[in-house]
Amino acid sequence: MATNLIGRHRRAELRRYRALARSGPPPDEVGHDERVVDRLAAGTAVGRLAQALANLSPGERDAVLLVAYGGLSYPEVAAALGVAEGTVASRLSRARTKLRDALGVEV
């Protein structure tokens, strides 16, 4: 009896997957105009972010990139840079303040 139940479940699941495959991707809810505006806004933001990162000190920039891009924890950043965890925390704090000011982001 359990084998029959599992078999029915597998067949039903297979039918659902095949139906999903035939239906194609979900409809695009965002229009072309909105995608163009989003892409232009993102391009502008990337330029501003790159300039803001360039204005940071090398130590601040390294800490920010290792945390944000590399996904490292404070202890890992400290080990990678050969500094104390407190130094990482203070560099990140200063960098965040500078980035917020440069990008016009309010907290």
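Glu60 has a relative accessibility of 3% and therefore counts as buried, the cut-off being under 20%. The model is a predicted one. Glu60 belongs to the buried residues of helix α3 (residues 58–68), which are Gly59, Glu60, Ala63 and Val64. Viewed down the axis of α3, these buried residues fall within an arc of 130 degrees, so they line one face of the helix.

A search of the whole structure finds two salt bridges. Glu60 pairs with Arg94, with the closest N and O atoms 3.2 Å apart. This pair links distant parts of the chain, Glu60 in helix α3 and Arg94 in helix α5 (residues 85–103), 34 residues apart. Glu60 also forms a salt bridge with Lys98, at 3.0 Å from N to O. Here too distant parts of the chain are linked: Lys98 lies in helix α5 and Glu60 in helix α3, 38 residues apart.

| Residue | Relative accessibility | Class |
|---|---|---|
| Arg94 | 42% | partly exposed |
| Lys98 | 40% | partly exposed |

A separate charged feature lies on the surface. Arg8, Arg11, Arg15 and Arg16 form a positive surface patch. Arg15 is located in helix α1 (residues 2–23), and its relative accessibility of 53% makes it count as exposed.

Concerning the overall fold, the protein has five helices and zero strands, and its elements run α-α-α-α-α from the N terminus on. Of its 107 residues, 13% count as buried.

Note on methods. Residues are numbered from 1 along each chain as its sequence is written. This is a predicted model: local features need pLDDT of at least 70, side-chain atom pairs count only at pLDDT 80 or more; totals for chains, interfaces and linings use all residues. Side-chain values use heavy atoms; hydrogens and water are left out. Patches are made of residues with over 30% relative accessible area and no salt bridge: like charges are joined within 9 Å, nonpolar side chains (Val, Leu, Ile, Met, Phe, Trp, Tyr) within 5 Å. Accessible areas come from the Shrake-Rupley method with a 1.4 Å probe; for residues, only the protein chains shown count as cover. A salt bridge is a side-chain nitrogen of Lys or Arg within 4 Å of a carboxyl oxygen of Asp or Glu. Lys and Arg count as positive and Asp and Glu as negative; His and the chain ends are not counted. The place of a charge is taken as NZ of Lys, CZ of Arg, CG of Asp or CD of Glu. Helices (H or I, at least four residues) and strands (E, at least two) are DSSP runs, numbered from the N terminus. Buried means under 20% relative accessible area, exposed over 50%, partly exposed in between (1.4 Å probe, protein chains only). The arc is that of the directions from the helix axis to the C-beta atoms.
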